[in-house]
Amino acid sequence: ATMTELGYVEGENITYIYHGILGGGSQANEAEIKSLMDHKVDLLLTLGNMPAHVAKKAVEGTDVSVVFAPVTDPVEEGLVESIRHPGGNLTGIQGIDPAPKALEWLLKLAPDTKLVYAPYHFADRIAPLSIQSLPDVAAQLWVELMLDEVSNEDQVLAAIKALPQDSAILFPISPSIDPSLDDILKLTIELDIPTGSTTNLAQDKFLFTHGIDLPQMGEQAAVLADKILKGAKPSDLPVETPEFILIINLRTAQAIGLEVPDEFLRQAQKIIR
């Protein structure tokens, strides 16, 4: 929508090539980006760390630009030289760690919590980054943390069934778990377990989400793309920081017998009733 507002009309002054969400890890991303490069594209939009790395390698020595949205620690990952001066063919939106604040919100909304279970998939490159801050934050908040590296949905379901009373669950960024969320969250609601997420998926079942405002991030990416298509160099366009959104789901709160104080509802950008 933002590209349209900026004056782009598909088939007239812009062409979009999109083949859907990829599975299969880096090999699938490499094949897709090679296909896009064969189409002589002017700009690549990547989502997440792995596609950004594959795109960076593919555009080396070319005039093709890359906008990433988002990437965690783009400087540390070696994708840009610095936030203010990316210095190459890439710029975009950096992913700021939402986990510390999400853990705070989980304990605000479920103050009786004694243990927080956080599952993540071993195959997700971003997962270790998304849980990196949790042990220190949990210690500061005086709550026990159970990090669980899993390889399939059944392991998550079994672990949830074995959780003691006064447990809650925080789902860090781990895309390989996302396809199983419906089954997992159905079980947490049956067991009256509070759940929080650092991504905006499955908003209709999590008790709350604290994560990047994805529509707003899309607008930021569109503005960067517009500047590049009009002649700006990615190397000169600072990496941007996304805004965050708090979503509280009163339907889930009611289903698990949890009352959410009005003072917390007033701080939410979105309430699901």
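A word on the model: it is predicted, with local features needing pLDDT of at least 70 and side-chain atom pairs counting only at pLDDT 80 or more, while totals for chains, interfaces and linings use all residues. Residues are numbered from 1 along each chain as its sequence is written, and side-chain values use heavy atoms, leaving out hydrogens and water.

Let's start with the rings. Rings of Phe, Tyr and Trp (its six-membered ring) pair if their centres lie within 6.5 Å; planes under 30 degrees apart are stacked, over 60 edge-to-face, and the rest tilted. That rule gives two aromatic pairs. In one of them, W105 and F264 have ring centres 5.6 Å apart and planes at 85°, so they meet edge-to-face. W105 belongs to helix α4 (residues 99-109) and F264 to helix α11 (residues 262-265), so the pair ties together parts 159 residues apart in sequence. Helices here are DSSP runs (H or I, at least four residues), and strands are too (E, at least two), numbered from the N terminus.

W105, at 4%, is buried, and F264 is buried at 11%.

Now for the histidine. H85 sits in the loop between β2 (65-72) and β3 (90-95), and it is exposed, at 52%. Its C-alpha atom is 39 Å from that of L207, 122 residues apart along the chain.

Finally, the second largest pocket: among its 17 lining residues, D166, S167, D192, I193 and P194 lie nearest its centre. A pocket is an open set of points on a 1 Å grid over the protein atoms alone, where a 1.4 Å probe fits, with protein on both sides within 12 Å along at least five of seven lines; lining residues have an atom within 4 Å of a point.

Conventions. Buried means under 20% relative accessible area, exposed over 50%, partly exposed in between (1.4 Å probe, protein chains only).
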